[in-house]
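Here is a quick set of notes to read with the model open beside you. Take the points in order, or jump to whichever part you are looking at.

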Amino acid sequence: MEYLPKILSFEETRDFYYRIIREFAEYGFGLYAVELKSSGKFIGYTGFHRFDFDAEFSPGVEIGWRLNNKYWNQGYATEAAQACLDYACEKRLFTQIYSFTAACNHRSERVMQKIGMKQMGKFFHPALPDGHRLKEHVLYKCVGNDA
């Protein structure tokens, strides 16, 4: 949660879970559990999410990930995100896919680069107040046959 505005409460976590379930029901895609192959232990998620906040490139579909920090820098986010992109390409789910993160989140930005996304620029996330340490974001995109 280092690069998110706050740690979610139990109720917020439950609501987030139900949003994931609704997105699968409504759109046929969402955020997938990431488990260790060796043990089946849940370590986070990756997948797709529709966004519609106030930005020039919105609305759209984002690929994103969150992993327990014990599993950072081991290639899991890259492997899972690449599998999601491959699936989306194979099934022709989207014509474009975005990814964005706080500009200070270099680990996630590196995952975006490793999976072949192209940097489109930066923006200030409208959900965060001016002066917030996470307000500035980097924006990446896959287009056409890459999505």
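This is a predicted model: local features need pLDDT of at least 70, side-chain atom pairs count only at pLDDT 80 or more; totals for chains, interfaces and linings use all residues.

1. Let's begin with H2, which covers residues 76–91. Which of its residues are buried? They are Ala77, Thr78, Ala80, Ala81, Cys84, Leu85 and Ala88. The cover over these residues includes the strands S1, S2, S3, S4 (96–102) and S6 (136–143), along with helix H3 (106–114). As for length, H2 has 16 residues and spans 23 Å from first C-alpha to last, close to the 22 Å expected at 1.5 Å a residue.

2. Now look at where H2 ends. Arginine 92 follows the helix and lies in the loop between H2 and S4. Its phi is near 50°, a positive value in a residue other than glycine. Arginine 92 counts as exposed because its relative accessible area is 68%.

3. Next comes H1, residues 10–27, with 18 residues. This helix reaches 26 Å between its first and last C-alpha atoms, close to the 26 Å expected at 1.5 Å a residue. Phe16, Ile20 and Glu23 are buried in H1. Seen down the helix axis, the buried residues of H1 fall within an arc of 65°, so they line one face.

4. What sits on either side of H1? The cover over its buried residues includes S1 (31–35), S2 (42–51) and S3 (60–67). On the face turned away from the buried side you will find the exposed residues Phe10, Arg22, Ala25 and Glu26. After the helix comes glycine 28, with a positive phi near 85°.

5. The second largest pocket deserves a look, with a volume of about 160 Å³. Its lining is made up of Ala33, Val34, Glu35, Leu36, Lys37, Tyr76, Glu79 and Ala80. S1 and H2 are the elements that give two or more residues to this lining. By class, the lining has five nonpolar and three charged residues, and no polar ones.

6. Are serine 108 and histidine 106 buried or exposed? Serine 108 counts as buried because its relative accessibility is 13%, whereas histidine 106 is exposed, with a relative accessible area of 54%. Leaving aside residues up to four places away in sequence, serine 108 touches Trp65 and Thr101. The C-alpha atoms of serine 108 and tryptophan 65 are 8.3 Å apart, and the two residues are 43 residues apart along the chain. For histidine 106 and valine 138, 32 residues apart along the chain, the C-alpha separation is 9.7 Å.

7. Two loops are worth checking for backbone details. In the loop between S2 and S3 is proline 59, joined to serine 58 by a cis peptide bond with omega about 0°. In the loop between S3 and H2 is asparagine 73, which has a positive phi of about 60° although it is not a glycine. Asparagine 73 is exposed, at 68% relative accessible area.

Conventions
Residues are numbered from 1 along each chain as its sequence is written. Side-chain values use heavy atoms; hydrogens and water are left out. Helices (H or I, at least four residues) and strands (E, at least two) are DSSP runs, numbered from the N terminus. The expected span of a helix is 1.5 Å times one less than its number of residues. Buried means under 20% relative accessible area, exposed over 50%, partly exposed in between (1.4 Å probe, protein chains only). The arc is that of the directions from the helix axis to the C-beta atoms. Contact means heavy atoms within 4.5 Å. On a 1 Å grid over the protein atoms alone, a cavity is a set of points where a 1.4 Å probe fits but cannot get out, and a pocket is an open set with protein on both sides within 12 Å along at least five of seven lines; lining residues have an atom within 4 Å of a point. Grid points are joined across faces, edges and corners, and a volume is the space filled by probe spheres set on the points. Ala, Val, Leu, Ile, Met, Phe, Trp, Tyr, Cys and Pro count as nonpolar, Asp, Glu, Lys and Arg as charged, and the others, Gly among them, as polar.
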